[in-house]
Amino acid sequence: MNEHVTTDEVTVIGGGLAGMTAAWELARLGLPVRLLEAAPDLGGKTGSRRIDGRTEDFGVHIFPSFYRNTHRLLADLGLGGSLRPTTKFHQLRPSGTAKARSAEGLLFLYGVVDLLAQDYRNRDQSLYEFLNSRRYLTEAAVADIEHFFLASTASEIRAASAAEFRGSIAAFVRRPGRVRMPRGDLQHWLIDPFRRRLEARGVKVHTEHRLTAVTTAGRHLDSLTLSTPVHTTTEPVTGHVVLAVPHDRVTALGPELTGALRPAHGVRELNSRPLGALHLYLRRRLPGLPAEHVRLVDSPHAITLLDIGQNWTGHRSTVLNCVVGRVERLAHLPEEEAVAVLVDELRGYLPGLDPEDIEHVCFQPHLEAPYFTPGPGADRHRPHTATALTNLHLAGDHTASPPGMTAMEGAVASGLRAAESVRRALRPQLPPVRIDDLPTVSPGAARLVRTALAPLMALARTRAGRRP
Ligand SMILES: Cc1cc2nc3c(=O)[nH]c(=O)nc-3n(C[C@H](O)[C@H](O)[C@H](O)COP(=O)(O)OP(=O)(O)OC[C@H]3O[C@@H](n4cnc5c(N)ncnc54)[C@H](O)[C@@H]3O)c2cc1C
């Protein structure tokens, strides 16, 4: 142990899923852990907030089966039962428009296989570049792939990494299973019980503790400045620190810190975009609405929705929890006007929805808390867990991960990696922290499928007509 690190204590900063996971694993190793979170509650983007007397999720969250680390964590916490399997994803087209032709569906499928056939080990491109170079794709098929992507992330295809998208599609193909969703709001079903288990394991949780500055000395993190609603204090770092805050918050800590990350200052090159949430409480049940996830095809603001009124207990009428992929387009509008635009868009798909039906609205554009999706080539900038400071470790969904391991699974895996990094420093005699890989498909195997599908694709292309 070096002269600066004199205790075994680990301070985890940031109480989102990444920080909570790190704290949980570190406490399992028998280390004294404290978890500091700036907000009044834990959970970060996987949590909820009290708004107008209601518990509102940051946004609807779904848990695909390939989230192996996340599902293992939930089982370990005894919270596997908080999720229920969904049977199907639904697609709603604007009322009055025709269903997609099967030829377009085949081209969509062939495009996905073609993406899987790409070897992105040493290169990357934007999803836009990939789609635009596929001459067999019709405009409708491109739009469908684009919307499919946009609806699940906040990213536009020009700003999205094709390698990342390939990674998550490959994981999904290898582990299709049923996507799971929470039985109720994330606070009650996930975050509150997680916090109780952390505390039962001895983790000291302090909310409303914001890290505002750090200093370094040689190869060590030397001090932390923490602000609470009543005071600001600077304390020496005598143990290890896991920094599990979003990348823009890491950057805000200054060049002394970002220069110590690997790669140095890479974090400053990362970008995030807001992914909004619109929750509409209706006075009645809207007839004919599916009980599971719905993607609004061609929706200008890339809306997906879930009627939690049919899924969560305590609701007698429809409650539409919408995720808005293109919320940034509304950033210039006052909230009321932005909501009116979105409601109008919804009515194009749900003709039964009358503005008079809406009893309460909660709109969270999340412009201040954007969501990270890697852009093309972003991998070379994403910071690694271990840093040049021997007592500083990084976690969070933006940290370096295999392609496709993003969002909640990325956050959980990063928390596990941070715990492993601390274990190596403080408890090398203990077994390593288990971290599961993302299942994947080899480009070679996908090429074989692509070859087998080529005659069908040619037929479908003739039927659908060439793209202008
Ligand atoms: C609307 C929406 C829907 C989503 N849907 C899905 C989904 O369906 N499936 C999926 O897998 N993912 C989804 N995500 C993404 C997922 O929520 C995130 O990837 C994940 O929660 C990130 O976790 P994290 O711990 O890395 O970061 P965060 O959740 O951002 O946690 C960081 C924490 O650090 C705290 N913090 C920040 N600065 C400081 C500071 N200076 N001092 C102390 N604390 C600080 C923050 O308050 C926060 O609690 C969605 C995101 C959004 C916005």
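Colleague: Is the crossing of α1 and α7 left-handed or right-handed?
Modeller: Left-handed, meaning the near helix is turned anticlockwise from the far one by less than a right angle (clockwise would be right-handed). The helix names come from DSSP runs numbered from the N terminus (H or I, at least four residues, for helices; E, at least two, for strands).

Colleague: Before I go on, what sort of model is this?
Modeller: A predicted model: local features need pLDDT of at least 70, side-chain atom pairs count only at pLDDT 80 or more, and totals for chains, interfaces and linings use all residues. Residues are numbered from 1 along each chain as its sequence is written, and side-chain values use heavy atoms, with hydrogens and water left out.

Colleague: Okay, back to that pair. At what angle do α1 and α7 pack?
Modeller: About 30 degrees, and their axes are 10 Å apart; α7 covers residues 186-200. Axes are lines fitted to C-alpha atoms, for helices over the stretch in contact, and angles run from 0 to 180 degrees between N-to-C directions. So α1 and α7 are roughly parallel (under 35 degrees; over 145 is roughly antiparallel, 65 to 115 roughly perpendicular, the rest oblique).

Colleague: And how do α3 and α12 pack?
Modeller: Helix α3 (residues 102-116) meets helix α12 (residues 443-464) at about 155 degrees, with the axes 8 Å apart. That makes the two roughly antiparallel. The crossing of α3 and α12 is left-handed.

Colleague: New topic: which residues come nearest to the ligand?
Modeller: Glu37, Thr46, His61, Tyr67 and Asp397, out of 31 around it (near means a heavy atom within 4 Å). By type, the shell holds 17 nonpolar, 9 polar and 5 charged residues. Here Ala, Val, Leu, Ile, Met, Phe, Trp, Tyr, Cys and Pro are nonpolar, Asp, Glu, Lys and Arg charged, and the others, Gly among them, polar.

Colleague: What does His61 do with the ligand's oxygen?
Modeller: A polar atom in the His61 side chain sits 2.7 Å from a ligand oxygen. Ile62 has a backbone N or O atom 2.7 Å from a ligand oxygen, and a side-chain N or O atom of Asp397 is also 2.7 Å from one.

Colleague: How much of the ligand gets buried?
Modeller: The protein buries 92% of the 1000 Å² that the ligand exposes alone (Shrake-Rupley, 1.4 Å probe).

Colleague: Which elements give two or more residues to that shell?
Modeller: α1 (17-28), β9 (210-217) and α11 (407-426). The largest share, 3 residues, is from α11.

Colleague: Last one: where is Pro263?
Modeller: In the loop between α9 (255-258) and β13 (272-273). A cis peptide bond joins Arg262 to Pro263, with omega about 0 degrees. His265 sits in the loop between α9 and β13, and His265 has a positive phi of about 60 degrees although it isn't a glycine.

Conventions. A polar contact is a pair of N or O atoms within 3.5 Å; within protein, one must be able to donate a hydrogen and the other to accept it, and residues adjacent in sequence count only if both atoms are side-chain atoms.
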